[in-house]
Amino acid sequence: ELAEQYLHYLFKHSAERGNGFSRLRVLYEWGVARQRPGFDPQVLRVLKTMTAPGNVKGQHVRSRHPSQGPLTAEEKWLLTQALRAERGRDEDRAVVMLHLELGCHPHASVRLRAGDLHRFETAQGALYQLDLPRVKKRSAQRETKRRALSQGLGSLLDELRLPDPDSLLLHWLATHKSEQAVNRALRRWVKEVQLRSPQTGALLHLHARRFRYTLATHLAEEGASKFHIAEILDHSDL
């Protein structure tokens with residue numbers, strides 16, 4: 001009965017709906033397996049019969065969640081102004097610019113190699129392109145998609161990369177926990193620059209997936225098709 005009350009509360013007061021209940025059930029299973037006092041195997045059997053649907057897909061995007069949803073136009077403008085002023089540590093700024101421009105998956109970012117960055121000399125100056133690894137298309141042969149970069153980001157990555165073309169492009173990031181490493185760099189840059197959200201008044205909450213939400217949402221608002229958005233984000237289906 002208590003579990004049912006908790007699940008009912010989550011559905012009314014949490015955007016994640018049954019996800020909190022599922023985590024509680026895992027905790028209870030852990031306690032029963034280790035015969036902790038107060039953890040009853042019979043209660044666990046009952047908990048496992050209860051369904052706990054998770055959060056609605058895309059809830060943070062649709063609701064424009066102030067810290068988890070896409071950046072507002074004003075937040076994005078403030079962020080862009082700080083990048084143009086070259087504020088913050090170069091390495092962290094490069095991570096911010098990369099995810100802002102490409103909306104790339106953090107697992108793809110940490111797998112980038114120095115040789116994936118290409119520079120082309122033109123009459124108008126240097127042009128840069130990047131071969132972005134495909135995260136969900138891992139096979140014996142490494143697959144990439146080529147993306148154009150701004151001159152500012154391209155030149156910054158060019159300065160930071162190591163001479164060995166097989167070395168990691170973002171060599172200062174840890175690879176064993178890629179998403180955490182990328183998000184730490186984003187948070188570190190925001191704290192150093194002291195970039196505050198006009199919407200919340202707090203330091204701007206940045207994480208790699210939020211850049212993906214922002215890029216896709218702004219593309220949709222500008223009339224891009226689902227096929228175009230899926231291609232930009234390298235989704236395998238619509």
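**View 1. Gln194 sits in the loop between α9 (178–193) and α10 (208–221).** Helices here are DSSP runs (H or I, at least four residues) and strands are E runs of at least two, numbered from the N terminus. This is a predicted model, where local features need pLDDT of at least 70, side-chain atom pairs count only at pLDDT 80 or more, and totals for chains, interfaces and linings use all residues. Residues are numbered from 1 along each chain as its sequence is written, and side-chain values use heavy atoms, leaving out hydrogens and water. Gln194 has a phi near 60 degrees, a positive value in a residue other than glycine. Its relative accessible area of 44% makes Gln194 partly exposed (buried is under 20%, exposed over 50%, partly exposed in between; 1.4 Å probe, protein chains only).

**View 2. Asp234 follows α11 (226–233).** Phi of Asp234 is also positive, near 60 degrees. With 19% relative accessibility, Asp234 counts as buried.

**View 3. Trp189 belongs to the largest nonpolar core, which has 41 residues.** Such a core joins buried Ala, Val, Leu, Ile, Met, Phe, Trp, Tyr and Cys residues through side-chain atoms within 4.5 Å. Leu79, Leu130, Leu173 and Trp189 touch the most other members. Not counting residues up to four places away in sequence, the contacts of Trp189 (heavy atoms within 4.5 Å) include Leu79, Leu83, Val96 and Leu195.

**View 4. α5 passes α6 in a left-handed crossing** (the near helix is turned anticlockwise from the far one by less than a right angle). The contact is made by Lys76, Leu79, Thr80 and Leu83 of α5 and Arg93, Val96, Met97 and Leu100 of α6.
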